Amino acid sequence: MRLPHGPTEVEWRRSARARRVTLRIDPAAGAVVVTLPPRAGRGQGMALLQANSRWVADRLGALAPHVPFADGAVVPLLGVPHPIRHEPAGLGGVWLDDGAIRVAGDPAFLPRRVADWFRAEARRRITPLALDHAARIERSVRRIAIKDQRSRWASCAPDGTLAFSWRLVMAPGWVLDYVVAHEVAHLREMNHSARFWAVVASLTPHTQAAKAWLGRNGARLLRYG
Ligand SMILES: [Zn+2]
């Protein structure tokens, strides 16, 4: 869509719970999301977009650039930048070597292979952390799910299933440690009470710094792949 400050990707949503027309930025999609309450028309959304087109353009312009998984792209693993290198002569799969993520096979499948590798890598790194933290508070992890949920980094279900965004494995290890400790602590306290935060503090010293890091850099992690 063409707004006064340039072409803009717009996603339209309709929400039964919305009380008024709202705009928000979706960093993963690089788009502005217009949410309409049940009886509002698109015209109202358009009016709000037009009135706020400067804000929309500024916010979209401030997003980190989209970095697709491709030969030569640089992506973080545990906070360390790693270039992706296509290895046509490689024997198969994806492997780490000499600070690079190396990908064999047909280049057409490289993005999919790297994405699958990151999910597997997230599971490899998160599982021992979760089991270790859980053992320290004498709880057991029922299941670990690796997802690509964009609205939150992780969650803990009442049945003891912990879910994590694979993108967390791009963050520094101490940030990952905090997020895992946070979810494991919910196995003791299914709330965010002072008792809950005391459990988190018993598991990791990184809470404040990790929250700050995610606040500053979290949106950037959504721009990879
Ligand atoms: Zn929580």
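Helices (H or I, at least four residues) and strands (E, at least two) are DSSP runs, numbered from the N terminus. I also noted that this is a predicted model, where local features need pLDDT of at least 70, side-chain atom pairs count only at pLDDT 80 or more, and totals for chains, interfaces and linings use all residues. Residues are numbered from 1 along each chain as its sequence is written, and side-chain values use heavy atoms, with hydrogens and water left out.

**Entry: a hairpin**

I looked up strand β6 (residues 74-77) and strand β7 (residues 80-87), and found them paired in the antiparallel sense over four bridges. Leu-77 sits opposite Val-80 of β7. The two strands make a hairpin with two residues between them, and Leu-78 in that turn shows a positive phi of about 50°.

**Entry: sheet β3-β5-β4**

Next I checked an open sheet of three strands, ordered β3-β5-β4 with mixed pairing. β3 (10-14) and β4 (22-26) are its edge strands, each pairing on one side only. From one strand to the next, the twist averages 25°. (Axes are lines fitted to C-alpha atoms, for helices over the stretch in contact; angles run from 0 to 180 degrees between N-to-C directions.) β3 and β5 (residues 31-36) run parallel, joined by five bridges, and Trp-12 has Val-34 of β5 as its bridge partner. I also found helix α2 (residues 53-62) lying across β4 and β5, at about 15° to β4.

**Entry: sheet β10-β12-β11**

Another open three-stranded sheet has the order β10-β12-β11, again noted as mixed in pairing. Why does one side of β10 and of β11 lack a neighbour in the sheet? Because β10 (143-147) and β11 (154-156) stand at the edges, each with a single partner strand. Here the twist averages 15° from one strand to the next. β11 and β12 (residues 161-165) run antiparallel over three bridges, and Ala-154 stands opposite Phe-164 of β12.

**Entry: nonpolar cores**

A nonpolar core is a set of buried Ala, Val, Leu, Ile, Met, Phe, Trp, Tyr and Cys residues joined through side-chain atoms within 4.5 Å. Buried means under 20% relative accessible area, exposed over 50%, partly exposed in between (1.4 Å probe, protein chains only). The largest core holds 52 residues, and Phe-69, Ile-84, Phe-118, Phe-164 and Val-184 have the most contacts inside it. Helix α3 (residues 110-136) gives the largest share, nine residues. I then listed the contacts (heavy atoms within 4.5 Å) of Phe-118: beyond four places in sequence, they include Phe-69, Leu-77, Ile-101 and Trp-166. A second, separate core of 13 residues includes Val-10 and Val-32.

**Entry: the zinc ion**

Which protein donors does the zinc ion have? I found NE2 of His-182, His-186 and His-192, lying 2.0 Å from the ion. Donors are N, O and S atoms within 2.8 Å of the metal (3.2 Å for Na, K and Ca); water is not among the atoms, so sites may look incomplete. Along the chain the donor spacing is H-x3-H-x5-H. His-182 belongs to helix α4 (residues 173-185), and His-192, ten residues apart from it, to the loop between α4 and α5 (194-203). Are these two buried or exposed? His-182 counts as buried because its relative accessibility is 10%, whereas His-192 is exposed at 52%.

Note on methods
Pairing = 2+ DSSP bridges.
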